[in-house]
Amino acid sequence: MLPIGIIGYGKIARDQHVPAIDADDRFRLTGAVDPHAVSGAVPVHPDLAALLAADAPAAVAICTPPAARVAVAREAIAAGLHVLLEKPPGLTLAEVADLETLARDAGVTLFTAWHSQEAAGVDAARAWLAGRVIEAVRVIWKEDIRVWHPGQEWILEAGGFGVFDPGINALSILTDILPMPLAVEAAGLAVPKGRTQPIAATLALRGGAVPVSVELDFLHEGVQRWDIEIDTPDGMLKLAMGGAELTIAGKAVPVGRNVEYQRLYARFADLMARGESDVDPAPLRLVAEALELGVRHEVEAFAFDIP
């Protein structure tokens with residue numbers, strides 16, 4: 001069993017990474033690093049040096065907020081550890097490319113883990129789209145920030161990505177299943193007063209002659225939506241629930257259980273066994289283009305606690 005640690009012991013680590021590691025007999029969770037967390041089922045250390053001294057792992061999963069991710073990854077690579085990076089892998093394309101170079105020079109595996117690419121319906125969707133004419137694509141990704149990111153102030157601050165933190169999941173699916181590269185043509189960004197990152201966004205993308213519209217909303221109440229609709233002459237393909245459900249021409253396609261993070265760790269184990277890395281910057285590139293080209297407009301202030 002390969003010893004692995006988690007750096008950043010917040011909600012995503014506890015909800016997704018720990019259960020996935022526990023379910024895979026190739027891994028043994030040695031502990032976590034988080035200066036603000038308290039120990040529970042897993043020993044929690046204040047920094048990577050303390051984790052290494054207590055029970056040295058061979059690999060780490062980095063689940064910190066995005067702004068801290070690259071510095072921690074550099075430290076882990078320098079220590080000779082294999083690294084799994086939660087999404088997004090960094091703030092900029094340049095720093096992700098730098099990590100890839102560092103990992104290659106150190107002879108360790110670097111895995112940019114786009115968990116939504118492992119959703120149950122994604123492989124079948126990619127296979128069905130291969131060779132077909134695509135006429136148009138629509139993304140509707142609407143969720144309630146207070147439900148899914150309660151109290152996470154960092155997400156609307158510099159380096160937090162705002163609504164692109166969940167929205168990049170949709171973009172990661174698109175870059176995985178569409179047979180052509182995408183580019184951002186225009187974007188509108190709704191930024192709450194006093195914040196730096198958008199709480200909603202609309203994007204116009206294009207893949208060759210194919211128009212791709214994207215609606216992202218972090219203030220959506222009621223039924224949450226994580227849908228991708230793709231028009232073809234053979235009918236519409238729809239991925240719903242973040243890729244967990246697939247329908248083609250109105251008919252449901254059986255896709256099995258949705259075990260995204262278990263599949264991520266299976267992929268990570270396979271990469272380490274083969275001495276390879278998997279660094280995919282395409283979803284981050286689209287977010288960078290949207291933030292660079294997007295027209296920002298101020299909207300009313302946002303607070304997690306509703307008076």
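Me: Where does Thr202 sit in this structure?
Reply: Thr202 is part of strand β9, which covers residues 200-207. Keep in mind that this is a predicted model.

Me: How far is Thr202 from Glu135?
Reply: Along the sequence, Thr202 and Glu135 are 67 residues apart, and in space their C-alpha atoms are 20 Å apart.

Me: Let's switch to helices. At what angle do α3 and α4 pack?
Reply: Helix α3 (residues 66-78) and helix α4 (residues 93-106) pack at about 5°, and their axes are 10 Å apart. That angle makes α3 roughly parallel to α4, because anything under 35 degrees counts as roughly parallel.

Me: Which residues make that contact between α3 and α4?
Reply: From α3 you have Val70, Ala73, Arg74 and Ile77, and from α4 there are Glu95, Asp98, Leu99, Leu102, Ala103 and Ala106. Sorted by class, the contact of α3 with α4 has 7 nonpolar residues, 3 charged ones and no polar ones.

Me: Which residues of α3 are buried?
Reply: The buried ones in α3 are Pro66, Arg69, Val70, Val72, Ala73, Ala76 and Ile77. They pack against β1 (2-7), α2 (48-55), β4 (59-62), β5 (82-85) and α4.

Me: What span should α3 have, going by its residues?
Reply: α3 has 13 residues, so at 1.5 Å a residue it should span 18 Å. The C-alpha atoms at its ends are 19 Å apart, which agrees.

Me: What comes just after α3?
Reply: Just after α3 there is Gly80, with a positive phi of about 80°.

Me: And α8, which of its residues are buried?
Reply: In α8, the buried residues are Glu260, Tyr261, Leu264, Tyr265, Phe268, Ala269, Leu271 and Met272. Those residues pack against β1, α1 (11-22), β2 (27-33), β4, β5 and β6.

Me: New spot: where is Thr109, and is it buried or exposed?
Reply: Thr109 lies in the loop between α4 and β6 (110-112). Thr109 counts as buried because its relative accessibility is 1%, and buried means under 20%.

Me: What does the side chain of Thr109 reach?
Reply: The Thr109 side chain reaches the backbone oxygen of Glu276 at 2.8 Å. Leaving aside neighbours within four places in sequence, the contacts of Thr109 include Phe268, Leu271 and Met272.

Me: Where are Phe161 and Ala249 found?
Reply: Phe161 is in the loop between α6 (145-148) and α7 (164-177), while Ala249 is in the loop between β13 and β14 (251-253). Phe161 counts as buried because its relative accessibility is 5%, whereas Ala249, at 46%, counts as partly exposed.

Me: Which peptide bond is cis?
Reply: The one from Lys87 to Pro88 is cis, with omega near -15°. Pro88 lies in the loop between β5 and α4.

Me: Last one: where is Met241, and what is it in contact with?
Reply: Met241 is in the loop between β12 (235-240) and β13 (245-248). Apart from neighbours within four places in sequence, Met241 is in contact with Trp226 and Asp227. Met241 and Gly121 are 120 residues apart in sequence, yet 9.7 Å apart in space, C-alpha to C-alpha.

Conventions:
Residues are numbered from 1 along each chain as its sequence is written. This is a predicted model: local features need pLDDT of at least 70, side-chain atom pairs count only at pLDDT 80 or more; totals for chains, interfaces and linings use all residues. Side-chain values use heavy atoms; hydrogens and water are left out. Axes are lines fitted to C-alpha atoms, for helices over the stretch in contact, and angles run from 0 to 180 degrees between N-to-C directions. Helices (H or I, at least four residues) and strands (E, at least two) are DSSP runs, numbered from the N terminus. Angles under 35 degrees count as roughly parallel, over 145 as roughly antiparallel, 65 to 115 as roughly perpendicular and the rest as oblique. Contact means heavy atoms within 4.5 Å. Ala, Val, Leu, Ile, Met, Phe, Trp, Tyr, Cys and Pro count as nonpolar, Asp, Glu, Lys and Arg as charged, and the others, Gly among them, as polar. Buried means under 20% relative accessible area, exposed over 50%, partly exposed in between (1.4 Å probe, protein chains only). A polar contact is a pair of N or O atoms within 3.5 Å; within protein, one must be able to donate a hydrogen and the other to accept it, and residues adjacent in sequence count only if both atoms are side-chain atoms. The expected span of a helix is 1.5 Å times one less than its number of residues.
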